[in-house]
Every structure is written in C-alpha cells, then in structure tokens.
Amino acid sequence: MRYISTRGAAAPLEFEDVLLEGLARDGGLYVPEAWPRVEPDEIAAMAEWSYAEVALRVMSPFVSADVAAALPEIIEKAYGTFRDIHVAPLKPLGDLQLMELFHGPTLAFKDVAMQVLGGLFDHVLAKRDQRVTIIGATSGDTGSAAIEAVRGRERASIFILHPHGRTSDVQRKQMTTVDAPNVFNVAVVGTFDDCQNLLKAMFNDTAFRDRVNMSGVNSINWARLMPQIVYYFTGALALHGKDAATKPTSFSVPTGNFGDIYAGYAAAQMGLPVGKLVVASNQNDILTRVMNTGDHTLGAVAQTIAPSMDIQISSNFERLLFDMLGRDGAAVAEKMNQLKADGTFQVSPEALDYVRPLFAAHRVDEEQTLATMKKAYDAVGELLDPHTAIGVASAQRERDADPGLQQQPMVVLGTAHPAKFPDAVERATGVRPSLPEHLADLYERPEKFDVLPNDLAAVEAHVSARV
C-alpha cells in the first residue's frame, strides 16, 4: 500500500513513513493510492468475529507486512483496558441506535484510534531505533487521548496545543494533570483553528520539523484515521449479522475536524454498504454549508457547549475534496491556497454531485442541542453529551427528510461520555453525571501547563527548549 498527498507534489510513501511524517511535505494529507476492498463474503463471515478480529482484517491492507505481523499484539494491548469488551457497543435510543465510543481511558472516541496509534509508534520507532517529537492540536478530546497513548513511552515526547479557556474543565484536566516526563501541555491564547494552524505551520517549517524529528497524532495523520474505519464495520455487523454484506446502515456523526466521518466514507469505499453519512454540525456550521451549497467561507468561531466542534477549518475535508475533484492534487492545492489567502473557496455543483448520494448535513444550534439532551433523558433516562446530542438531532432530521431511511437502521456515534461535559448535561437535564471510578479524583489533581501567545516563533522556541 502506497500513500499519495492530496496536493499532488509530495512523493508517495509507504505506511511506516506516513505514520512518522504525519503531514505531507507539500502541505497536503496522505490518502491511500487505491482503496482495498472487503468482499461481501468476507463481510458476512465477520458476523461471528470479535472486535479485535474485525480490526485486524480491516487495518491489515493499509500497513506494511512487518506492521501487519505485529498488529494482533498492538490491537490486544490497545483494547485490553476498555471498560466494555465490545469496544464500541450499540444500544437502542428510540428508533435510533447509539454507538458508545467512550469506553476507553479518556472517555472519548479518540481512544479507539489513539491506543492503536501509540502501539504503532512504539513498534516502528523501536524497529528503526528512532525517537520522535509528537506535536498535536486539540479542541478537547484528541489531546487527552493522545497523551494517554504516549505518556511514559521512551521514544517519544508529546506536546499538545489546546485553546486557552475553550475546553471543558474535564477535557483540560485530563491533559494537564498527567505527570509524565515526556508530556507537555500548551494553552494557546486563541481558538482551536489557531492551534491547528500553528501545528500545520510547524510541519511546513521543514528546518524545525527535521530538527526535532516531528510527527503528529491529529487526524491529519492517516494512521489516526485507519482504526476508526473498524467501528463502521462492527456497527453494521451488530445490527445485520451476515446481512451486513448487502443491507445498508446509515450513520450520524458529530463532526468537527471531519476525520471520524471520513472514516465512514473509507468504510464505504472498502465495500461496506452505507446508506447515508450525516454530517452533524453545531452552529460552527462551515461543513453543513459547504456540503449543502458548495460555499466554504470561513466565519468567526463561536464558543459553544460542544467545544470539540468549535471549528471553522476542518482539515480532513481536504481528503474528501481530493476525491470530489477527481484526485487532482493541483486543483486541491489551488483551493487550499485560495482559502489561506481569501478565507473562502467554492465547490462546484459537479463536485458536490459526487458526494450527495452518500452525505447529508445538518446544523443544530444550542437550544436544539439542549432540547435533544432533555428529550433523551426524559424519554429513556439516557444522558447524552452535547456532541452526541447534535448527532441525534441531525439523525432525526435526516430520517424525517428522507422516508427511505426509515426502513434502515441509523447509528449515532456517541463520541464522548456525558461526564466530560457535566455543566451542559446538568443544564439540560438537571442531572450532573459522575466521572467513572478511575477519574473520580480528577478535579483534585494538580495541573501543569504553559500559556503561550498565538505565535509560531514562541511555540517553536518552547518546543525546542524542552526537546
């Protein structure tokens, strides 16, 4: 398997180099040169398999032979500490299905990928006798999941940038209370988009990048997305059994940086029958606008009760745009340069026609989010975090708009445990959710982080001094 850049100018790489590079040298994101296929008879056979067995089959075609040989052990270690043996279990929520992706150590869906990513880094770095400096940006959940996956590892230091004052207290404390010599937290005075722009600028500063041997854990790194494809397969299999090979399943995905829903697109490209992929946005609705109208114009980032979705630049949309534009890297680079210069670009009706049969998109505001949380609790006693509630509201809207979808199951990805957002949950339902036992003392743990301006030179100097 080789990987190519969405901007067409970087040399193709194999998996291990993509893992360590993170972002392509031309500023693009790596995607598979061709999608591997899982045939219908194989999908049917998976109905009897464990989550780990499905994960091994889905991920193996994307990696090198050496990594494939190590994958069974990496997967076993990754999911051995999850609080549910099914890793991503389903439960009914009215006429929807809720996929609980928050049974990992940091209570968010990012754990499903990060725990695998940590093992991949360990294996490849040990094989090459190398050390890396991992730098990531987070709107809340990526950072804690990445830190948990990398803490204490001998061959990696990790620096996580988060927007100062723009995460929930639980999200922040899960990052800043980790006492490990290879973990560094940076609170950037700005938004998540500012953090992500700093991250991309560091990747594009080749002198700095090479000096610190920089790698990434954000979903700009293909190896972060790869494990997320798995739960689309297991969700369909849990609902349909062997018929998952022929019967479609739809998914509603709370969407910030577009990585989670892009993994659903990847599953469909691999052969999984998918009805609809519903992009569920909060009032920071640039994805809903571009999917529905073709207008990709940046606006101000609104601070909401769903902070992981408080984004205007969704990096992984570039991967989908690459396919929408016929895998023309030069055309993608032109759009990205226009976005950087003018804050806008337009997607043609012809390009939108490529994705409209598979994708739908909805915007859910604060009032509607809180109402959905209250309705779920009043109806069935289910506490939803605000991001998941946005997924539920969007799923219901799409089923109402498309009667054909009422004949197939709709899975809402439950992206975070409600206790990660206790203030919003209590505001909606009157109930303050408790943290699981392993995090019960989180609020009492001492924090350690540095506050830095939104300035590339300052952040690079901070990293360099500590590396």
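## Terms and model

Ala, Val, Leu, Ile, Met, Phe, Trp, Tyr, Cys and Pro are classed here as nonpolar, Asp, Glu, Lys and Arg as charged, and the others, Gly among them, as polar. The structure is a predicted model, in which local features need pLDDT of at least 70 and side-chain atom pairs count only at pLDDT 80 or more, while totals for chains, interfaces and linings use all residues. Residues are numbered from 1 along each chain as its sequence is written, and side-chain values use heavy atoms, with hydrogens and water left out.

## Cavities

Over the whole structure, the search finds four cavities of 30 Å³ or more. A cavity is a set of points, on a 1 Å grid over the protein atoms alone, where a 1.4 Å probe fits but cannot get out; lining residues have an atom within 4 Å of a point. Grid points are joined across faces, edges and corners, and a volume is the space filled by probe spheres set on the points.

The largest cavity holds about 270 Å³. Its lining has 25 residues, with F109, K110, G256, N257 and S308 nearest the centre. Two or more residues of this lining come from each of α6 (141-150) and α12 (259-270), helices being DSSP runs of H or I with at least four residues, numbered from the N terminus. The most come from α12, which gives three. By class, the lining of the largest cavity has nine nonpolar, twelve polar and four charged residues.

The second largest cavity has a volume of about 50 Å³. S139, P163, R166, T191, F192, V301, P307 and D310 line this cavity; four of these residues are nonpolar, two polar and two charged.

## Largest pocket

A pocket is an open set of grid points with protein on both sides within 12 Å along at least five of seven lines. The largest one has a volume of about 510 Å³. Of its 20 lining residues, R7, N197, K200, M336 and K340 lie nearest the centre. Helices α8, α14 (317-324) and α15 (329-342) each give two or more residues to this lining. The lining of the largest pocket comprises eight nonpolar, seven polar and five charged residues.

## Packing of α8 and α20

Helix α8 (residues 192-204) packs against helix α20 (residues 456-466) at an angle of about 70°, with the axes 10 Å apart. Axes are lines fitted to C-alpha atoms over the stretch in contact, and angles run from 0 to 180 degrees between N-to-C directions. The two helices are therefore roughly perpendicular, a term for angles of 65 to 115 degrees.

In the contact (heavy atoms within 4.5 Å), L198, A201 and M202 of α8 meet L456, V459 and E460 of α20. Five of the residues in this contact are nonpolar, none polar and one charged.

Terms used
Angles under 35 degrees count as roughly parallel, over 145 as roughly antiparallel, 65 to 115 as roughly perpendicular and the rest as oblique.
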